[in-house]
Amino acid sequence: MDEGDIERVLDRVQLVCTQLQRAVASARGLPETPQWRGSSHSLAQSQQEYVLAELVGLEREFGELAYRCDRDLQSLRRRQEEEGLAGGHW
Amino acid sequence: MTTLVVTAPGGQSVATEEILVLGQELDSIGALLADAWRTVNHPTGPYLPEGYREAVARLAGVADDVSWLCRSLVAYTQQVAEQERWRTRLWDSTRDHWTRALVWSALGQQGVRGGSPDASFDDAAEALRRLDEPYHPAVSTWEVDRREGVGISQGVAERIARIPEGSNPVRVERYATAEGEFHTEVFVAGTRTWSLDEKTDPFDMRSNLALVAGAPAASTMVTERAMRSAGVQRGDRVVFVGHSQGGAVAATLAESGRYDTRGLVTVGAPVGSQPAGGEYPALRIEHRDDVVVDLAGKTLPGGHTVVEADSGATTGDIPGAHSRDRYFQTATQIDQSNADLLSGWADGLPGPLRGQARWFDASQDLSGGEVAGGKTAQ
């Protein structure tokens with residue numbers, strides 16, 4: 001495994017984070033339903049709340065993945081630096 | 001945005017256009033999630049961070065859920081439209097039976113009469129015949145309040161607002177015009193007493209039945225006596241305004257030929273079988289979810305301008321759909337309308353005038369004798 005393996009995953013995860021941010025913004029902007037009554041109101045309301053909650057959860061999850069990727073990338077680079085120092089590669 | 005609101009006769013609106021918009025928005029979100037899933041759904045390399053597979057699986061699950069919600073919303077919208085279409089069709093055929101049931105229930109009769117909607121005349125007449133005593137009401141009317149310097153109503157809504165509610169069912173306004181004549185506006189309230197056990201109120205169910213049957217109703221007698229007390233004479237210019245039973249009274253007097261009727265406004269009144277035959281402007285305002293308007297049975301063509309609207313009351317809120325306040329709101333919309341048919345309604349009526357308003361209360365005696373309390377009986 002080299003830096004490129006991690007960077008490819010990190011790029012994809014960061015791209016997903018961007019897409020999820022847009023999805024969350026769209027979900028927050030879903031039309032209000034002030035005149036809905038009865039079952040249609042509760043149906044629409046519950047759907048909006050469900051979608052938003054799921055998207056926020058996904059955004060957080062992929063944010064954590066991006067953090068881990070970055071952390072692993074930095075860790076790999078430090079390890080490689082340390083190995084390079086130990087091996088006298090200057 | 002195209003209006004796709006489907007409204008049930010009971011008054012409940014289902015804002016399907018908003019559901020459609022929501023579906024479109026969710027579709028966009030679904031497309032974003034599908035893109036995101038394609039981004040991360042690739043053959044895995046040697047590196048995967050902790051929780052990666054779980055997150056991708058969850059992303060796929062949410063994308064599926066959103067896609068399902070979109071399909072469900074579209075299906076729901078179509079079902080609602082279809083359901084409302086059927087409900088409307090069913091309602092049209094059953095509403096008459098239902099209102100008939102209300103009347104017969106109020107009369108203490110067994111069973112519900114069927115028949116076609118235009119059978120209401122016969123039903124009402126038969127109901128009157130079946131009452132425990134002959135319907136020959138003697139009425140008494142007396143003035144309760146008087147106010148000077150009252151400004152004449154401007155527009156429909158203001159006239160609706162002046163229809164009395166509660167204790168004094170008739171209001172008569174008299175205005176002296178610049179030509180030295182009098183212009184009168186008469187406002188008549190609706191049914192006050194729904195029980196047939198209470199027999200002293202002329203604004204009761206018996207009067208309703210009499211009005212529908214075309215028989216002399218106590219409430220009509222009361223109103224005309226109040227007009228006479230206020231100085232109104234035969235041939236005077238009069239605008240009649242009434243709610244519910246009061247609308248039927250107003251329509252009856254407007255068509256009586258005894259007055260120079262200059263206008264008629266009825267709201268929530270069972271007057272479909274009383275077509276306006278005169279040259280005066282007649283405005284009939286009906287809420288589609290107001291069951292009272294159908295008590296007259298088959299609607300006959302006539303000179304009315306008919307405005308139908310949804311009351312905005314919730315389904316099953318029968319008093320709400322029939323209430324004067326709801327009709328006031330509808331009348332406000334009429335006043336704000338740019339439609340010539342509506343905005344020109346009061347063109348022939350006098351401009352700003354100040355005059356006198358009088359309020360009247362009344363009682364009836366169904367025993368065939370004089371009304372108690374020394375009041376003059378008719």
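Figure 1. Take the contacts in chain B between residues at least 6 apart in sequence: 68% of them join residues at least 24 apart. This is a predicted model. The secondary structure of chain B comes to 10 helices and 10 strands. Chain B has 378 residues, and 45% of them count as buried.

Figure 2. α7(B) spans residues 245-254. The helix is mostly covered, with 10 of its 10 residues buried. What lies over them?

**Figure 3. Packing of α5(B) on α7(B).** Two packed helices are described by the angle between their axes and the distance between the axes. Here α5(B), residues 205-213, meets α7(B) at an angle of about 40°, and the axes are 10 Å apart. The two helices are therefore oblique to each other. The crossing of α5(B) past α7(B) is left-handed. From α5(B), the contact uses Ser207(B), Asn208(B) and Leu211(B). From α7(B), it uses Gln245(B), Ala248(B), Val249(B) and Thr252(B). By class, the residues of this contact are three nonpolar, four polar and no charged.

**Figure 4. Packing of α6(B) on α7(B).** The axes of α6(B) and α7(B) cross at roughly 65° and come within 9 Å. α6(B) passes α7(B) in a right-handed crossing. Ser219(B), Thr220(B), Thr223(B) and Glu224(B) make the contact from the α6(B) side. Gln245(B), Val249(B), Thr252(B) and Leu253(B) make it from the α7(B) side. The contact of α6(B) with α7(B) holds two nonpolar, five polar and one charged residues.

**Figure 5. Ser244(B), in the loop between β6 and α7 of chain B.** Most residues other than glycine have a negative phi. Ser244(B) has a positive value, with phi near 60°.

**Figure 6. Phe240(B) in the largest nonpolar core.** In soluble globular proteins, nonpolar side chains tend to be buried together. The largest nonpolar core of this model has 59 residues. Val186(B), Phe240(B), Ala250(B) and Leu264(B) have the most contacts inside it. Leaving aside residues up to four places away in sequence, Phe240(B) touches Val186(B), Ala250(B), Leu253(B), Ala254(B), Thr261(B) and Leu264(B). A second, separate core has 34 residues. Leu10(A), Val51(A), Leu32(B) and Ala63(B) are among them.

**Figure 7. Pro49(B) and its contacts with chain A.** Pro49(B) sits in the loop between α1 (16-40) and α2 (52-106) of chain B. Pro49(B) is buried because 21 other C-beta atoms lie within 10 Å, and 20 or more is the cut-off. Which residues does Pro49(B) touch? Not counting residues up to four places away in sequence, they are Val9(A), Leu65(A), Arg68(A), Cys69(A) and Asp72(A).

Definitions and conventions:
Residues numbered from 1 in each chain as written. Chains lettered and ligands numbered in written order. Predicted model: local features only at pLDDT ≥ 70, side-chain atom pairs only at ≥ 80, totals over all residues. Axes fitted to C-alpha atoms, helices over the stretch in contact; angles between N-to-C directions. Helix = DSSP H or I, 4+ residues; strand = E, 2+ residues; numbered from the N terminus. Parallel < 35°, antiparallel > 145°, perpendicular 65-115°, else oblique. Left-handed = near helix turned anticlockwise from the far one by under 90°. Contact = placed C-beta atoms within 7 Å. Nonpolar A, V, L, I, M, F, W, Y, C, P; charged D, E, K, R; others polar. Core = buried A, V, L, I, M, F, W, Y, C linked by C-beta atoms within 7 Å. Buried ≥ 20, exposed ≤ 12 C-beta atoms within 10 Å, placed from the backbone.
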